[in-house]
Amino acid sequence: MTDFSKGVAYIEGEYVAIAEAKIPLMDWGFLHSDATYDVAHTWKGRFFRVDEYIDRFQTSMAKLRMSVPYGHEQIREVMFELVRLTGLRDTYVEIVCTRGIPAPGSRDPRDCSNRFLAFAVPFVWIADDEKRETGLNLLISRQQRIPPESVDPTIKNYHWLDMVMALFEAYDHGADTAILVDARGDLTEGPGFNIFARHGDTVTSPEHGVLHGVTRLTLLELLERENLQINRGRLPADAARAADEVFITSTAGGVMPVTRIDGKPVGEGRPGTLVHKLNDAYWALHEDPDYSVAISY
Ligand SMILES: *Cc1c(COP(=O)(O)O)cnc(C)c1O
């Protein structure tokens, strides 16, 4: 039997080792970044909120006027099968829809037959163990996030050049990652994560101009259980710098404390009590049958 422990892809209706998986050069998913995707994960052999991820993916496809001959259940089955084939407990599972290939000579997106593919690989962390323990140094990038009027950020997409250039800027300044601003200078999101800031009893997370992360949603739900005011609103850069606690959220890593912004300490310069509590609660949900479902290997 093929060893799929480094990852497996579902493409053209077949399961292949991740290193062998290919898409045709002429697919607009590659040539135009004309694609949408989603990323779910499994932890200790259980899928976390898998239906929420599939729902978001299907909404993204509809917004981009894409359709594939796979409904919610079929997508779900492919995702479970991918994880089962890897034999791994902790995985990162990506589902993708590309525009496909137009008829020869055509530039009409209506002529494309959309392509569905998916893959599962070992779990990916945005930040390593040490950074998740001590906290990240976040750079507030000068790079403006692609405006939501141009590319709808609630559709998970591969328009990442703003993010990638912000990452270079972060590394040039000795930071671990970057957050991008909007035209007003308010914080939006970073390469694959949303942001939260606590000032006293108020927790703010930008809502406009960002992907509505499933991890962010989970954190908002967990915050409802605390005696805190939740503000789904603007987070100006100076407000983030003056926060008591800042943290970022992503499927690739959960909740991660930010202890420095542009190299300067946030609050006490140590991960706060709230982020510790939320982190424990977030991972505990991974064993809760209301939030996760077991895979039969
Ligand atoms: C995936 C992603 C996030 C985080 O969303 P989750 O569903 O929590 O993983 C935030 N911003 C962008 C741009 C993303 O691509």
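Which residue has a polar backbone atom 2.8 Å from an oxygen atom of the ligand? In this predicted model, that residue is Val214, whose polar backbone atom lies at this distance from a ligand oxygen. An N or O atom in the side chain of Thr215 is 2.6 Å from a ligand oxygen, and a polar side-chain atom of Thr251 is found 2.5 Å from an oxygen atom of the ligand. The protein buries 96% of the 380 Å² that the ligand exposes when taken alone.

Two elements, α2 (50-63) and α6 (214-224), each contribute two or more residues to the shell around the ligand. This shell comprises 15 residues, of which Lys156, Glu189, Val214, Thr215 and Thr251 come nearest. Classified by type, the shell contains 6 nonpolar, 6 polar and 3 charged residues.

Terms used. Residues are numbered from 1 along each chain as its sequence is written. This is a predicted model: local features need pLDDT of at least 70, side-chain atom pairs count only at pLDDT 80 or more; totals for chains, interfaces and linings use all residues. Side-chain values use heavy atoms; hydrogens and water are left out. A residue is near a molecule or strand if one of its heavy atoms lies within 4 Å of it. A polar contact is a pair of N or O atoms within 3.5 Å; within protein, one must be able to donate a hydrogen and the other to accept it, and residues adjacent in sequence count only if both atoms are side-chain atoms. Accessible areas come from the Shrake-Rupley method with a 1.4 Å probe; for residues, only the protein chains shown count as cover. Helices (H or I, at least four residues) and strands (E, at least two) are DSSP runs, numbered from the N terminus. Ala, Val, Leu, Ile, Met, Phe, Trp, Tyr, Cys and Pro count as nonpolar, Asp, Glu, Lys and Arg as charged, and the others, Gly among them, as polar.
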